[in-house]
Amino acid sequence: MKNYINIGKYDKELYSYMLQEERRQKDVLEMIPSENYVSQAVLEALGSVLTNKYSEGYPYHRYYQGNRYIDEIETLAIERCKKLFDVPHVNVQPYSGSPANTAVYFALLNPGDKIMGLKLSGGGHLTHGHPGVTFSGKYFNSVQFNVEPDGWLDMDKISDLAKKEKPKMLVVGTTAYPRLFNWKKWRQIADSINAILLTDIAHVAGLVAGGAYPSPVPYADVVMFTTHKTIRGPRGAVLMVTHKGLIRDAEMGKKIDRAVFPGLSGGPHDNVTAAMAVCFKEAASPKFKKYAQQIVKNAKVLADTLIKSGIKLTTDGTDSHLIVMDLRPNKVIGNIVAEALEVVNIVVNYNTVPHDQNPPMYPSGVRLGTPIVTTRGLKENEMKKIAGWITKVIAEVEHYRLPEQKEIRAQFIKKVKAEVWKNKKLATIGKEVKQMAFKFPIFAWD
Ligand SMILES: Cc1ncc(COP(=O)(O)O)c(C=O)c1O
């Protein structure tokens, strides 16, 4: 709150919302696996005078004057990132993960070329070729693979599909697959059809940097990651071209750079670039290595405890930071459990499960993860307690059944939501969760 003194004086309306959001972040256990709480140092860089500058172009080749310090800052971010991931070429200018993936397609494909990625409902991302509504699905010939009904990837099946379809690019990454990707196997599949291999490690970049998840760098041609998830930096994204990528095409780095600017964007957000530099310094520290390992330890304990309590998880567990609860045996939809969890101050998101029969608006799963609670310092014992609360919450709301009649579903959800916020048992659990949250400050990293 000390950061908002002038907003407090000048704009009371905005100030009040910002204070309330800060209070909310303190009071709850945020368990959305794609979020994190950044350090004060990252926040300072984001809120600095660097936001005042325009610097279209790349370090030492700008279209604006006055960039001598910005050049050094962007170079610092690039060099730190190169060292952290052991890659020869880095671009830190993409505004976020979606434009970064788009830049890779723009750089290395022609409209109508074939791409192959994981289905959204199986844990892929919209930018991996989701048909109909997205740029990647509309402007490219998109073929999609899926996870099996148990949630696992069947690599032989995917390999056969790749050989049949011969996509020009394989896009491999996830928002909801809790297991490890066998990057070597993906390379073999790409090599068997001479495809470019783009790995999207938006979710697990921090785990990779901290040595808690295998790195795709020795196998991929291009690696994309967002900087605001497990790696705990500002909102943004990075594109890295690997040694392999440069062997395949010595111009790949230049092509990616040209696609980012001037191809798809204008001036980089220099305050974000500076915050990335801070984030990469933090991510290279021994403390961060421990943090990354603890994220996975916590997720495994949470998963094991949930399973012991009778909750079904996709793939029956996790090797990463995330878990997807499959609520089909409980016969309750994800929306209701997610709402009830928010009532008890545990914030998650509802999600499809593999081969979900329910529509994406009313899916059968809930996705949750451990990056933020680990940032705050929670460990295995707290995970067991959280699993206990989640189990109680599911038991409390599992009698709510989504009506067969589609026309009355929206009204039903509205009514259930109103009821769960008045539920006394949930309110009592909520107090216990809040008491735990109080013990763990949100700037635990500093
Ligand atoms: C695997 C993956 N790729 C790409 C993105 C897109 O990132 P952004 O939301 O920053 O555009 C996400 C974000 O959810 C993601 O999880």
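Guide: Strand β11 and strand β14 (residues 365–369) run antiparallel and are joined by 5 bridges, and at one point along them Asp326 stands opposite Gly365 in β14. Please keep in mind that this is a predicted model. The two strands belong to an open sheet of 3 strands, whose order is β11-β14-β13 and whose pairing is antiparallel. Because β11 (322–326) and β13 (349–351) stand at the edges and have a single partner strand each, one side of each is left without a neighbour in the sheet. If the direction of the strands is ignored, neighbouring strands of this sheet are turned against each other by 35 degrees on average. As background, strands of a sheet pair through backbone hydrogen bonds, and they do so either parallel or antiparallel.

Helices also belong to the surroundings of this sheet. Helix α13 (residues 286–308) lies across β11 and β14, and runs at about 15 degrees to β11. Helix α14 (residues 334–343) packs on the sheet as well, where it touches β13 and β14, and its direction makes about 165 degrees with that of β13.

The protein chain is divided into domain 1 (46–283) and domain 2 (286–438), and the centres of the two, taken over C-alpha atoms, are separated by 29 Å. Their contact takes 25 residues from domain 1 and 25 residues from domain 2. On the side of domain 1 that touches domain 2, α9 (205–209) and α12 each supply at least two residues, and the largest share of that side, 3 residues, comes from α9. By class, the residues of this side of domain 1 divide into 12 nonpolar, 7 polar and 6 charged.

Among the residues that make the contact are Ile70, Ile73 and Leu76 of α4, together with Ala274, Met276 and Phe280 of α12. Taken by class, the residues of the contact of α4 with α12 divide into 11 nonpolar, 1 polar and 4 charged.

Technical notes: Residues are numbered from 1 along each chain as its sequence is written. This is a predicted model: local features need pLDDT of at least 70, side-chain atom pairs count only at pLDDT 80 or more; totals for chains, interfaces and linings use all residues. Two residues are in contact if their C-beta atoms, placed from the backbone, lie within 7 Å. Helices (H or I, at least four residues) and strands (E, at least two) are DSSP runs, numbered from the N terminus. Ala, Val, Leu, Ile, Met, Phe, Trp, Tyr, Cys and Pro count as nonpolar, Asp, Glu, Lys and Arg as charged, and the others, Gly among them, as polar. Two strands pair if DSSP finds at least two bridges between them. Axes are lines fitted to C-alpha atoms, for helices over the stretch in contact, and angles run from 0 to 180 degrees between N-to-C directions. Domain bounds come from an automatic or database domain assignment.
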